[in-house]
Amino acid sequence: MSKSFHDQVITILPKLRVQALALTRNRAAAEDLVQDAVCNALSAQNSFIPGTNFPAWMHRILRNRFISNLRKRRDTTDIDDVPASAFATEAPHEDRLALKDLGKAMTRLPADQREALIMVVVQGMSYENLAEATGCAVGTAKSRVFRARRQLETWLTGEAPERADDRAAAARASAISRAMDARILEASRAGRAVA
């Protein structure tokens, strides 16, 4: 005569405890796991086909319950709470591409503007010294550097600058000019030709 479902559960309990202890490596967690597995088996007893391998069915329930518990305990974080640095890393290749684009744009500048920009940004020359070295007025030297920066901004961003008195355009031009100055300076320090 075959054992009843409940008798089979009681008979397999010691083996389930051993398996649970091997999985959890904690006696209290193993007892909880066995209890959860037995509860699952009792609620699903109608799905067990009599005459099949009951111990295998129970061990599978225990293992699946263990995996489910692991998934529930897995740390999760709201995507809005994760710092942006976890998603993106700096891409030095993008910097190289930007420097390459800057170099190409620099060659397109008129010679006097290119010369003025390099002397002020790369060499750190003052406008007065630039004017003296190139034989022009200080205002002309400042104008050449400004026009060179503005032209590079237009070429590199693909946007035509808005009216000169527009504060947003002036702020954007200033920020881009500083970034270009930094890249030109970085390229010159690294020994790469910019123009």
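Residues are numbered from 1 along each chain as its sequence is written. Because the model is predicted, local features need pLDDT of at least 70 and side-chain atom pairs count only at pLDDT 80 or more, while totals for chains, interfaces and linings use all residues.

Of the 195 residues, 27% count as buried, meaning under 20% relative accessible area with a 1.4 Å probe, protein chains only. The largest nonpolar core holds 21 residues; such a core is a set of buried Ala, Val, Leu, Ile, Met, Phe, Trp, Tyr and Cys residues joined through side-chain atoms within 4.5 Å. Leu-102, Met-106, Leu-117, Leu-130 and Leu-152 touch the most other members of this core, and its largest share, five residues, comes from helix 5. The elements that give two or more residues to this core are listed here.

| Helix | Residues |
|---|---|
| helix 4 | 92–108 |
| helix 5 | 111–122 |
| helix 6 | 127–134 |
| helix 7 | 138–157 |
| helix 8 | 167–189 |

Apart from this core lies another, of 18 residues, which includes Ala-30, Val-34, Ala-37 and Phe-48.

Helix 1 (residues 5–24) and helix 2 (residues 27–43) have axes that come within 8 Å and cross at roughly 145°, the axes being lines fitted to C-alpha atoms over the stretch in contact, with angles from 0 to 180 degrees between N-to-C directions.

Terms used. Side-chain values use heavy atoms; hydrogens and water are left out. Helices (H or I, at least four residues) and strands (E, at least two) are DSSP runs, numbered from the N terminus. Buried means under 20% relative accessible area, exposed over 50%, partly exposed in between (1.4 Å probe, protein chains only).
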